[in-house]
Amino acid sequence: ILNDETRPDFERLVELTRHENEVLRERAMRSLRYTEPSLLKPELARLVNDESSRIRRECTVVMRSLPDPTNADLLFILADDSDEHVRIDAISTIGGLKDTDLMTRLLPHLRDEKVHGYAVSALVELGGKEALPLLMAELESGNDVGRMIYQHLRRLTGENIKKEEPEPWLEWWKKNKPPEVNEKATMIEM
């Protein structure tokens, strides 16, 4: 626990996140994330670009433990990471931010077969029923997210459409689309 007596030790751990030795950087991060993750918050902009994928992945754990929409840009950097596991962790963490303004930023990840299931889950976690227009637009474009979209549609709508095909869902959407969705679409088209 951080106090006047332990502060020098914690500050030393923060310094070690800059060390040239990858193992020391990772261990310092791991120690801090378990004890005082808030001390890593000012370091995250640097750490998300670390050469070590393990350290970049630790960043997602820190941001998951401190859910804050101001971390969204850093998480989206990690959502485009070269390491699949870092991308998965980042996208999963984004869902926990509960900020519907982030939903459209997840859409490109619905096309990445390595992470699209995590992306659709994060999208639904972010927006709940507000994600329905985006999910239906994906279906209309021919992307059923590896057939993973249907379980989310059933859960969000309460409908028990068994067929895992776009047509029954798109037909349902035509009949049940809220009027404000039509108004928003018309305004966007203008």
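## Helix 9 against helix 11

The axes of helix 9 (residues 132-140) and helix 11 (residues 166-176) come within 10 Å and cross at roughly 135 degrees, where axes are lines fitted to C-alpha atoms, for helices over the stretch in contact, and angles run from 0 to 180 degrees between N-to-C directions. Helix 9 and helix 11 are therefore oblique to each other (angles under 35 degrees count as roughly parallel, over 145 as roughly antiparallel, 65 to 115 as roughly perpendicular and the rest as oblique). Their crossing is left-handed, a term for a near helix turned anticlockwise from the far one by less than a right angle. Helix 9 contributes L132, P133, M136, L139 and E140 to the contact, and helix 11 contributes P166, W169, L170, W172 and W173, with contact meaning heavy atoms within 4.5 Å. By class, these residues are nine nonpolar, no polar and one charged (Ala, Val, Leu, Ile, Met, Phe, Trp, Tyr, Cys and Pro count as nonpolar, Asp, Glu, Lys and Arg as charged, and the others, Gly among them, as polar).

This is a predicted model, in which local features need pLDDT of at least 70 and side-chain atom pairs count only at pLDDT 80 or more, while totals for chains, interfaces and linings use all residues. Residues are numbered from 1 along each chain as its sequence is written, and side-chain values use heavy atoms, with hydrogens and water left out.

## Helix 10 and the two faces of helix 11

Helix 10 (residues 149-157) packs with helix 11 at an angle of about 30 degrees, the axes being 11 Å apart, and the two are therefore roughly parallel to each other. Y150, L153, R154 and T157 of helix 10 meet P166, W169 and W172 of helix 11, a contact of five nonpolar, one polar and one charged residues.

The buried residues of helix 11 are W169, L170, W172 and W173 (buried means under 20% relative accessible area, exposed over 50%, partly exposed in between, with a 1.4 Å probe and protein chains only). Seen down the axis, they fall within an arc of 160 degrees, so they line one face of the helix; the arc is that of the directions from the helix axis to the C-beta atoms. The face turned away from this buried side carries the exposed residues E167, K174 and K175.

G128 lies in the loop between helix 8 (116-127) and helix 9, and at 23% relative accessibility G128 counts as partly exposed. Leaving aside residues up to four places away in sequence, G128 touches L123 and L156.

Note on methods. Helix = DSSP H or I, 4+ residues; strand = E, 2+ residues; numbered from the N terminus.
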